[in-house]
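Biologist: Please take one part of this model and walk me through it closely. I would like to see how its pieces connect to what lies around them.

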Amino acid sequence: MRRSLRRAAGAAAVGLVGLTLAACAPGGGGTSAGTSCTNEITRPDATRVTLWAWYPAVEQLVDTFNAEHDDVQVCWTNAGQGADEYGKFSTALEAGTGAPDVIQLESEILPTYTILDGLADLAPYGAGDLRDEFPAGAWADVSDGDAVHAIPVDGGPVGMLYRADIFERYGVEPPTTWDEFARAAQDLRDAGYDGYITNYATNGGAFNYALFAQAGWAPFEYDSARPAQIGIDVDTPEARKVLSYWEDLIGRGLVSSDDAFTSDYNTSLVDGTYAVYIAAAWGPGYLEGLSDADSGAEWRAAPLPQWDPAHPVQVNQGGSALAVTSQATDPAAAAQVAMEMFDDEETWTIGVEDAGLFPLWRLALEADWFVDRRYPFFGGQQVNRDVFLDAAAGYPGFTFSPFQVYAYDRQTQALYDMVEGDGDAAQALATIQDSLVRYAEQQGFTVR
């Protein structure tokens with residue numbers, strides 16, 4: 001059973017990101033002397049640990065680590081981001097060689113690789129002692145019981161970024177609840193605003209998971225200690241409530257349904273087409289980096305609207321962690337890199353200012369320079385203090401599936417069919433539920 005599940009997970013990790021095994025050349029893994037590094041190794045006699053990572057400014061981060069460590073040096077390669085890296089990593093695991101010692105992974109992808117036995121448990125190397133260095137939800141996302149699959153680095157607590165000038169121009173108050181959000185959408189339109197209050201992207205996998213989760217949606221029960229079993233409950237009252245809400249706003253022409261992260265979408269974010277951008281903590285930096293912005297735009301950040309303001313629920317979209325692979329030549333040295341790469345303020349100054357990361361390490365989260373940091377793009381607002389610190393602290397964690405790429409793919413298709421076809425929210429969720437149960441059973445899982 002375990003062997004068939006591992007093969008199934010490997011197929012999902014490689015095939016569903018649009019890559020084939022033949023197309024992915026194995027990366028250079030291990031700490032062999034022949035491994036080439038993008039960065040310069042300053043202490044050639046030290047233990048060398050290979051790293052695949054795509055963080056912005058990662059070379060600065062690696063150079064800082066290497067300058068501070070005599071015993072170990074990081075040899076960095078950018079193996080691509082998302083699908084590119086995951087395809088190469090899956091190929092290396094299938095081949096039994098070619099993986100790096102340490103790899104940057106999105107937290108939601110960790111179960112995909114724990115079922116492949118692709119990641120080392122970091123608990124024997126003392127990782128459990130770091131639990132209190134992170135918000136509880138961030139730690140929950142990388143651990144199962146006493147097992148620690150990765151060390152959290154950056155996260156995506158969610159807030160509401162909005163055009164204060166647009167709301168002021170049309171005499172509409174920025175919303176604090178989802179009921180107010182729907183009324184504000186109509187009020188803006190009635191007052192003459194010809195844009196949309198926001199966009200609902202059917203291809204926003206993690207974005208939609210976050211919106212559903214805020215209403216109490218918990219689609220999966222999965223424990224890496226029992227990898228052959230999974231609970232799947234996608235089609236729930238909570239999910240129907242959220243999806244019906246957005247279906248209604250789209251149907252009334254108050255919310256658009258453009259694909260996210262296209263060039264047209266990026267333009268719409270900053271040219272006044274959308275009055276609100278529901279975004280993770282990396283959203284402010286993302287907006288600031290876009291061109292063609294309205295010269296008179298006044299951006300502000302506010303907490304995510306709530307379903308029940310008396311019982312606020314915080315959610316997360318995205319974020320990554322450093323994991324040690326099962327092919328690490330020196331697992332102890334690799335664990336040291338994963339645990340110490342981001343454990344000082346100098347590194348986090350680079351991570352925040354040059355890489356646009358939202359830290360999950362308390363040493364940065366609670367530092368005055370981060371808490372009080374002002375963002376010129378947001379009129380000097382202290383967006384961390386006002387919005388994202390509370391969102392990060394309140395996020396409880398979320399359980400993803402060991403075939404998350406497939407789950408996102410099925411969701412995207414069903415939501416697109418709902419928006420572009422004759423279906424509705426109930427049909428879309430039923431379709432996702434049926435497809436995931438069927439897929440899991442075909443791959444050998446026992447579905448609860």
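Modeller: A polar contact of 2.7 Å links the side chain of Ser224 to that of Asp144. This is a predicted model, so read every value as computed from it. The side chain of Ser224 has another polar partner: the side chain of His149, at 3.3 Å. Leaving aside residues up to four places away in sequence, Ser224 touches Thr114, Asp144 and His149.

Is Ser224 buried or exposed? Its relative accessible area is 19%. Buried means under 20%, so Ser224 counts as buried.

Now look at where Ser224 sits. It belongs to the loop between β8 and β9. Both strands are part of an open sheet of three strands. The order is β8-β9-β14, and the pairing is mixed. Strands β8 (220–221) and β14 (446–447) are the edges, each pairing on one side only.

Follow the sheet from β9, which covers residues 229–232. Strands β9 and β14 pair in the parallel sense, over two bridges. Take Gln229 as a landmark: its bridge partner in β14 is Thr446.

Helix α18, residues 425–442, lies across β8, β9 and β14. It runs at about 170° to β9.

Pick Ile151 and list what it touches. Among its contacts are Leu122, Ala127, Leu130 and Phe134. Others include Ala321, Leu322, Ala338, Met339 and Trp361. Residues up to four places away in sequence are not counted there.

Ala57 has a phi near 60°, a positive value in a residue other than glycine. Ala57 is placed in the loop between β1 (47–52) and α2 (58–68). Its relative accessibility is 23%, so Ala57 counts as partly exposed.

Phe261 also has a positive phi, near 65°, and is likewise a residue other than glycine. Find Phe261 in the loop between β10 (255–256) and α10 (263–270). With a relative accessible area of 45%, Phe261 is partly exposed.

To finish, go back to the starting point. Ser224 is buried, and it lies in the loop between β8 and β9.

Key. Residues are numbered from 1 along each chain as its sequence is written. This is a predicted model: local features need pLDDT of at least 70, side-chain atom pairs count only at pLDDT 80 or more; totals for chains, interfaces and linings use all residues. Side-chain values use heavy atoms; hydrogens and water are left out. Two strands pair if DSSP finds at least two bridges between them. Helices (H or I, at least four residues) and strands (E, at least two) are DSSP runs, numbered from the N terminus. Contact means heavy atoms within 4.5 Å. Axes are lines fitted to C-alpha atoms, for helices over the stretch in contact, and angles run from 0 to 180 degrees between N-to-C directions. Buried means under 20% relative accessible area, exposed over 50%, partly exposed in between (1.4 Å probe, protein chains only). A polar contact is a pair of N or O atoms within 3.5 Å; within protein, one must be able to donate a hydrogen and the other to accept it, and residues adjacent in sequence count only if both atoms are side-chain atoms.
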